[in-house]
Every structure is written in structure tokens, then in C-alpha cells.
Amino acid sequence: MTMVRANGITLHTQRLDPPGPAVDGRTGPTPTAVLIHGMASDTMASWYFTLAEPLSRAGFPTVLYDLRGHGRSDRPATGYALDDFVDDLTALLAALDVTGPLLLLGNSFGGTIAFGYAARHPERVAGIVTVESAPPIPQWMRRVRERLARVAARLPREGAVTEIGVRRGRVAAQRAAETHRMLSDTTLEQELPASPLPPAEALAAIGCPVLCLYGGDSAVVELAPEVRALLPQTRVEVLPDQRHTVLIDQPQEVRRLVFAWLAESCSLDVTQSTTA
């Protein structure tokens with residue numbers, strides 16, 4: 001793990017080099033897999049323990065990083081609009097000298113950052129995988145605003161973090177406490193929902209294959225028709241009886257669906273790495 005200076009801040013970053021040959025089944029350079037975690041309570045650990053190593057073993061150079069304000073990355077007081085996160089990703093790739101095609105994977109709002117990057121640089125993106133996410137469209141951003149407002153109102157209450165620990169365990173309580181500190185120390189709650197959005201035509205021009213995974217019991221799945229209408233090439237997979245934490249709760253099924261999609265939609269020979 002390294003600290004990389006990009007876009008005026010320092011980002012906590014991890015690179016995983018493939019132990020064997022590059023992915024088979026395509027011409028040109030193997031895409032670099034870039035894994036982008038979700039907002040507030042998430043870090044790159046959610047990808048590290050689920051898909052990072054399987055992708056690397058399958059032959060993908062793999063990059064993970066903590067978003068600004070999260071994990072061990074810098075936490076500036078301001079700079080939390082969608083464009084800031086896309087600028088960070090653009091600068092990080094340049095700092096790491098990643099110049100070839102990209103396979104972008106995003107959990108929750110990390111998927112929105114992936115779509116935002118692809119809207120700016122469609123020629124760079126060979127594929128997009130999102131878990132419980134959507135492109136930066138008004139319907140999704142309203143949900144982001146409402147979610148952040150609920151969290152910001154709840155966590156400062158006396159006993160809130162302790163209650164989360166009783167119900168969901170010590171790790172959940174630690175994440176809740178860290179989220180409270182982040183929302184107190186930054187303008188994320190105000191800036192992110194007010195982000196200027198990419199033009200609809202820029203999003204619709206994303207031409208790469210797209211896979212969107214949703215939990216069947218999560219409200220986010222309601223956005224699947226909107227995503228398909230915007231990007232008709234999108235494959236939607238719904239995991240029954242799962243909620244927003246599907247990446248953590250069902251990592252084997254997520255891996256199976258991702259690698260099957262890579263083999264079919266992206267014509268990549270990756271079936272040997274579906275278990276981990």
C-alpha cells in the first residue's frame with residue numbers, strides 16, 4: 001500500500017499485479033481493473049476482501065484506493081462534489097501511469113464515480129461493473145441526499161453509535177463513529193447532493209458493456225429501469241433477499257456474476273478465477 005499525491009491531496013492506494021499472464025480473449029492491452037468504494041462508511045477494504053485478488057489472479061492489473069475523506073486518504077474540509085471525485089480518479093491514474101483501457105468497478109456511490117468518469121472519458125473505459133448503484137441521474141442523487149441527511153441527523157444523537165454496535169457489531173459501530181467524524185469535519189453532506197451532473201447525452205454516449213448488481217430487498221433496485229433506459233446495453237442481475245450490503249454479504253455470488261459477465265459480454269477467458 002502506498003500514498004499517492006493526486007489532484008492536490010494524498011490518496012491511500014493499493015496496486016495488485018497479476019501473478020501470471022494477462023487475460024486471454026481480447027486484442028490490445030489488458031484493462032486495468034479500478035475498484036471504487038462507496039461513500040461515508042465504506043473504504044477500499046470492501047473490495048480488497050471480495051474481488052481485488054480474484055481479478056488480479058485472473059490477469060487484470062488492479063488498483064484500489066480510499067476516496068478523499070475516507071480511510072487513510074486525506075480529509076480536506078471541502079471538495080466533495082462528484083466532479084472532485086472524478087478529478088481525483090483522473091489524477092490518480094495519471095500519477096500511477098495507468099494509460100490503457102479500464103475496467104471500472106464501483107460499490108454504491110463508487111459506481112456513480114465510475115459512470116462520471118466514463119461520461120468524460122468514454123474511450124478509456126472497456127467495461128463498468130456496479131453494485132447497488134446508478135449513474136449520476138437526478139433520481140439517484142435525490143436518494144443520496146436523503147440518505148446522507150438521515151445519517152447526519154441520526155449519528156450525533158446520544159447513544160446512536162452504541163446502539164449500532166449492539167445491533168450490528170463492533171465493526172459497524174466503528175464505521176458509524178468514523179462516518180460521524182467525516183460528516184462533522186467536511187462539507188460532504190452539503191456538496192455531494194448538490195453536485196453538477198453530467199449532461200444526459202454524455203451519460204447516454206457511454207458505449208462499453210455495463211453490469212449492474214442489486215439486492216432484491218434494497219430500494220436501489222427500483223432504479224434499474226432508469227439505468228436500462230439510459231444505457232440499453234446494461235445487464236441487470238438481482239440477488240434475492242439481499243440488501244444494500246450485498247457486496248459484503250454475498251461475495252461469492254458477486255464474484256460468480258462478475259466473472260460470468262466478463263467472459264460473455266467482454267469476451268475474456270476468466271472462468272478459472274471465479275472462486276476465491
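The model is predicted. Strand 2 spans residues 9-16 and is largely enclosed by the rest of the structure, because 7 of its 8 residues are buried. Ser73 is also buried, and its contacts include Thr10, Leu11 and His12. The count of disulfides is 0, while the count of aromatic pairs in the whole structure is 2.

**Strand 2 and its partners**

- Strand 1, residues 2-6, pairs with strand 2 in the antiparallel sense, and 5 bridges join the two.
- Strand 1 and strand 2 make a hairpin with 2 residues between the strands, where Asn7 has a positive phi near 55°.
- Strand 2 also runs antiparallel to strand 4, and 4 bridges link these strands.
- Arg15 has Val63 of strand 4 as its bridge partner.

**Ser73**

- Ser73 sits in the loop that runs between strand 4 (62-65) and helix 2 (82-95).
- The relative accessibility of Ser73 is 8%, so this residue counts as buried, the cut-off being under 20%.
- The side chain of Ser73 makes a polar contact at 2.8 Å with the backbone nitrogen of His12.
- A polar atom of the Ser73 side chain also lies 2.6 Å from the backbone oxygen of Asp66.
- Leaving aside residues up to four places away in sequence, Ser73 touches Thr10, Leu11, His12, Asp66, Leu67 and Arg68.

- Cys212 is in no disulfide, as the nearest cysteine sulfur, that of Cys208, is 10 Å away, whereas a disulfide needs the two sulfur atoms within 2.5 Å.
- Cys212 is buried too, because its relative accessibility is 0%.
- A disulfide is a covalent bond that joins the sulfur atoms of two cysteines, and the count for this model is 0.

**Aromatic pairs**

- A search of the whole structure gives 2 aromatic pairs.
- One of them consists of Tyr48 and Phe49, whose rings are 5.2 Å apart centre to centre, with 85° between the planes.
- This arrangement of Tyr48 and Phe49 is edge-to-face, since angles over 60 degrees are classed that way.
- Tyr48 is partly exposed, because its relative accessibility is 27%.
- Phe49 has a relative accessible area of 63% and so counts as exposed.

Terms used
Residues are numbered from 1 along each chain as its sequence is written. This is a predicted model: local features need pLDDT of at least 70, side-chain atom pairs count only at pLDDT 80 or more; totals for chains, interfaces and linings use all residues. Side-chain values use heavy atoms; hydrogens and water are left out. Buried means under 20% relative accessible area, exposed over 50%, partly exposed in between (1.4 Å probe, protein chains only). Helices (H or I, at least four residues) and strands (E, at least two) are DSSP runs, numbered from the N terminus. A polar contact is a pair of N or O atoms within 3.5 Å; within protein, one must be able to donate a hydrogen and the other to accept it, and residues adjacent in sequence count only if both atoms are side-chain atoms. Contact means heavy atoms within 4.5 Å. Two strands pair if DSSP finds at least two bridges between them. Rings of Phe, Tyr and Trp (its six-membered ring) pair if their centres lie within 6.5 Å; planes under 30 degrees apart count as stacked, over 60 as edge-to-face and the rest as tilted.
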